[in-house]
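Subject: Structure for your files

Hello,

Here is the structure I said I would pass on. My notes on it follow below.

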Amino acid sequence: MFRDVWTKTLWDNRRSLLGWAVGLIGVTLVYGAFYPYMAEPGYADLLDTLPQGLIEAMGWEDFTSAEGYMGAAVFGVLGQVLTVVMAVGLGARMIAGDEETGGMELLIAHPVSRRRVVIQRAVSLTLSMALAGSVVFLAVLALSEPIDLGIPVGNLAAASFQMALLGLVFGALAMAVGGIRGRRGLVVGVTAAAAVVAYLADTVAPMVEALTWIEDLSPFDWYEPTAILRDGVTTGDALLSLGVVVFFVAVAAVAFDRRDVGV
Amino acid sequence: MADEAILTSRLTKSYGPVLALDHLDLEVRRGEIFGFLGPNGAGKTTAIRLFLDLLRPDSGQVTVLGLDPRAQGVELRRRVGYLPGDFTVDGNQTARQLLTYLGNLRGGIRRDRIEGLAERLDLDLDQKIRSLSKGNRQKVGLIQAFMHEPELLILDEPTSGLDPLMAREFLTMTLEARARGQTVFMSSHILSEVQKVADRAGIIRRGELIAVDEVEALRAKSLRRVEVTFDEPVDASAFADVRGVSDLVVEDGVLRCRLLGEADALVKAVARYRVRDFISEEPDLEELFFHYYAEGTDGVS
């Protein structure tokens, strides 16, 4: 059976992971399958009638090209929301959720340090998000031929990877908040609020001239699916996201190590 | 190596404005069974969680097996078996899966050790924990605390949920642990349960330790309610001077009183009449506390 916290945590979350994998595959296949209809000329005319601001906010500037459509539909709003929600749910469970249901107390009464528990749980979260990215990638890959997508496999992998990484940023934030305070509801609330603010910062703030700088601070800005599908991994953004993940996990480990557990 | 299994000095913990533990000075010797008695909310669980580094004290010191819980927590917890007061785990696994995993966190536990304990406690290891009754879940908790034969067992309300037969089996397990040289620290709100096995007991109330004594001495000071129903008319005066009896009332052939310490004198006095029923209640911890308080304030021994 399981020798480590991270393998056990993955196993304990197996049902939830399976559910998310099925959901992500379903959404990817359904949205992807619509691409051939979008490539027809009528839709370009339809889009022209929409306000420019809305089009930019939704990332529909280039809805009729393969990269534009996939970047807006599969790897866009819906994919991002699903990935972030999945990551926040898992991240909140890693410390705060487990603490509220009593499992954490028993675990850290064993000969494992709290920092080790946090790090192993972060590994578990990372692998869960890797799974999410992988199933999206495989689903798009499976569709690629039938819908005549024509996007290089490497770029599909890059977009899947960076979408999973976007989720991981917020999952790690949920762990950091859980490290500070062991209340699952609070963790989900704070993290979800942060995600909404970050999303608005990436979509709405750029419309106001004075607020464009805010955009750079948003993890959503570090993930531009259409550009990634066209040109591959945006290395700087990916490294920045990874750095933020490491920072959040470190905050979780240090904060959790310092406080009372289960009060 | 320190002689004490647990040693605290002025250990204090509060949750916001609520003082949960107030300058606790406690010494638990190696190789003894120590009962930690107090009503719910007295601070027992808080103290226990401080021993294991689940909580951090506001002030004061604690060492467990000579180790500092904060700095040497991993080493300490390797040598301790802990049963939480509220043993809750993910129900979506079998008892065997959970116990094997917890054993692996300790570097592996022999399979037959887990199975032997499960057999003693009459627990089916292959049922999902979710489907187990409260008592059977408690058995899983006991097994994980005992299975690695730790130097020190810290058990928070270990018999809660157990039926009387299993509670007795558990008490036998603690005696066997002591015979092997293990130390047992168990909290309870029931005096008689601790009394059966413990060498010494401490009594805590509102975060303050108000007494530590040999269990026999506590028993001698314990106050219980007694009710005797007679088949013939009796007169209260016949019992007024019996040793240990107070608050005596006799009406309609029923005697009610409070009894301090051993029952011998009262039983012999009652035996002169025809007795239909004799009920001796569990000594009430609260009343024991009042007795100690009275002693503390009046200086009566």
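**Sheets, a helix pair and the chain contact**

E11(B) pairs with strand E12 (residues 254-260) of chain B in the antiparallel sense, over 5 bridges. Please keep in mind that this is a predicted model.

One residue pair places the two strands against each other: B:Val250 has B:Leu255 in E12(B) as its bridge partner. Both strands belong to an open sheet of 4 strands in chain B, with the order E11-E12-E10-E13 and antiparallel pairing. Strand E11 (245-251) and strand E13 (275-280) of chain B are at the edges; each has a single partner strand, so one side of each has no neighbour in the sheet. Neighbouring strands here are turned against each other by 15 degrees on average, with direction ignored.

Chain B also holds an open sheet of 3 strands, ordered E2-E1-E4 and again paired antiparallel. Which strands stand at its edges? They are strand E2 (18-29) and strand E4 (59-64) of chain B, and each is left with one side without a neighbour because each has a single partner strand. The twist from one strand to the next averages 20 degrees.

Strand E1 (residues 4-15) of chain B pairs with both E2(B) and E4(B). With E2(B) the pairing is antiparallel and runs to 8 bridges, and B:Thr8 has B:Leu26 in E2(B) as its bridge partner. These two strands form a hairpin with 2 residues between them. B:Gly16, in the turn, has a positive phi of about 60 degrees. With E4(B), strand E1(B) pairs in the antiparallel sense over 5 bridges. Two residue pairs can be picked out there: B:Ile6 is opposite B:Val64 in E4(B), and B:Ser9 is opposite B:Gln61 in E4(B).

As for domains, chain B is divided into domain 1 (4-79 + 150-219) and domain 2 (223-282). The C-alpha centres of these two domains of chain B are 36 Å apart.

Helix H1 (residues 5-12) of chain A packs against helix H9 (residues 114-144) of chain A at an angle of about 45 degrees, and the axes are 8 Å apart. That angle makes H1(A) oblique to H9(A). The crossing of H1(A) past H9(A) is right-handed. On the side of H1(A), the contact is made by A:Val5, A:Trp6, A:Thr9 and A:Leu10. H9(A) contributes A:Val117, A:Gln120, A:Arg121, A:Val123, A:Ser124, A:Leu127 and A:Ser128. By type, the residues of this contact are 6 nonpolar, 4 polar and 1 charged.

Last, the contact between the chains. How many residues of chain B are in contact with chain A? There are 22, and they meet 20 residues of chain A. Helix H2 (73-78) and helix H3 (95-105) of chain B are the elements that give two or more residues to the side of chain B that touches chain A. H3(B) gives the most to that side, with 6 residues. The residues on this side of chain B divide into 11 nonpolar, 5 polar and 6 charged.

Regards

Key. Residues numbered from 1 in each chain as written. Chains lettered and ligands numbered in written order. Predicted model: local features only at pLDDT ≥ 70, side-chain atom pairs only at ≥ 80, totals over all residues. Contact = placed C-beta atoms within 7 Å. Nonpolar A, V, L, I, M, F, W, Y, C, P; charged D, E, K, R; others polar. Pairing = 2+ DSSP bridges. Axes fitted to C-alpha atoms, helices over the stretch in contact; angles between N-to-C directions. Parallel < 35°, antiparallel > 145°, perpendicular 65-115°, else oblique. Left-handed = near helix turned anticlockwise from the far one by under 90°. Domains from an automatic or database assignment.
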